[in-house]
Amino acid sequence: MIRSAVLLAAGRGKRQRPHTDITPKPLLEVNGRPTLNFVLCAVAKAGVERVCIVTNHLEEKIFEYVGDGSKWNLSVSFAHQSELKGNGDALMSVPEGWIQDEAVMVVATDYILKEGSLLELVQAQEKHQAEIVMSLKECPVEELASRSSVDVDSAWRVKRIIEKPKWEEIMSPYAASILFILPPQIWEYLTQVMPSERGEIEMQVAIDRMIRDGFKAVGVLQSAPEEWRPPLF
């Protein structure tokens, strides 16, 4: 059972401009629902009880929309990422007082998630007794260099994950969506990660080190989660 989740909602949404100049990326709507609503519903469906949402850009609008989380039967608190230095830095922005000695779900908030998609990860964790679970999607090879590359065996056990790999580092057609279940040691490992060439602390680097140190990781092949796109008209 996964009780806690961290939702990554700090980004400025450069690819979605000018829409994100006035609306934070997680509140861009699809069929009248912000993408954040899809995520919160999926988190609640997975059995999560408490959520920390990491914010920065236009965060007051996110505070107003989510409130205390009771609309989704969740207990919600917020953390401020002072500089946008990657998803690992976002996790490190979570207050120590919120972190507990238990597994945590980490979810991007710009996905249009199906309600049961995160529950599938929880079920995989229980089935395989895994410490790390990640949602995998099959991608065209030309996309992998801008995403991640994940090496899995025939039983879907993850052996490596490389964020934004060089062409020679691509190991499979699978990339990891930002939909993870991680053990509490993730925060300890993040303190050991040096900034990338882009100046970012990358969560995937810490996860790869954990796998190499013996943490059991499995992948769940899912449909690539849809993302918000601007209206055609």
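I started with K159, which counts as partly exposed at 42% relative accessibility. This is a predicted model, so I'm reading computed values throughout. K159 has a partner: D151 forms a salt bridge with it, and the closest N and O atoms are 3.9 Å apart.

Next I looked up R160. Its salt bridge is with D208, with 2.8 Å between the closest N and O atoms. The two sit in distant parts of the chain: R160 is in strand β10 (residues 158-163) and D208 is in helix α7 (residues 203-212), 48 residues apart. Buried or exposed, I wondered, is D208? D208 is buried, at 4% relative accessible area, whereas R160 is partly exposed at 28%. Salt bridges with shared partners also join R3, E49, R50 and E102 into one network.

The side chains of E102 and R3 meet in a salt bridge at 3.0 Å, N to O. Here 99 residues separate the partners: E102 is in the loop between α3 (87-92) and β6 (104-108), and R3 is in the segment before β1 (4-9). R3 is partly exposed, with a relative accessible area of 28%. In the whole structure I get 8 salt bridges.

Last, I zoomed out. The protein chain has 7 helices and 13 strands, and 54% of its 233 residues are buried. I noted 26 positive and 33 negative side chains, and the centres of the two sets lie 2 Å apart. The radius of gyration is 17 Å, which agrees with a compact globule of 233 residues.

How values were computed: Residues numbered from 1 in each chain as written. Predicted model: local features only at pLDDT ≥ 70, side-chain atom pairs only at ≥ 80, totals over all residues. Heavy atoms only, no water. Helix = DSSP H or I, 4+ residues; strand = E, 2+ residues; numbered from the N terminus. Rg over C-alpha atoms; globule rule 2.2 N^0.38 Å. Buried < 20%, exposed > 50% of the residue type's maximum accessible area, 1.4 Å probe, protein only. Lys, Arg positive; Asp, Glu negative; His and termini not counted. Charge placed at Lys NZ, Arg CZ, Asp CG, Glu CD. Salt bridge = Lys/Arg side-chain N within 4 Å of Asp/Glu carboxyl O.
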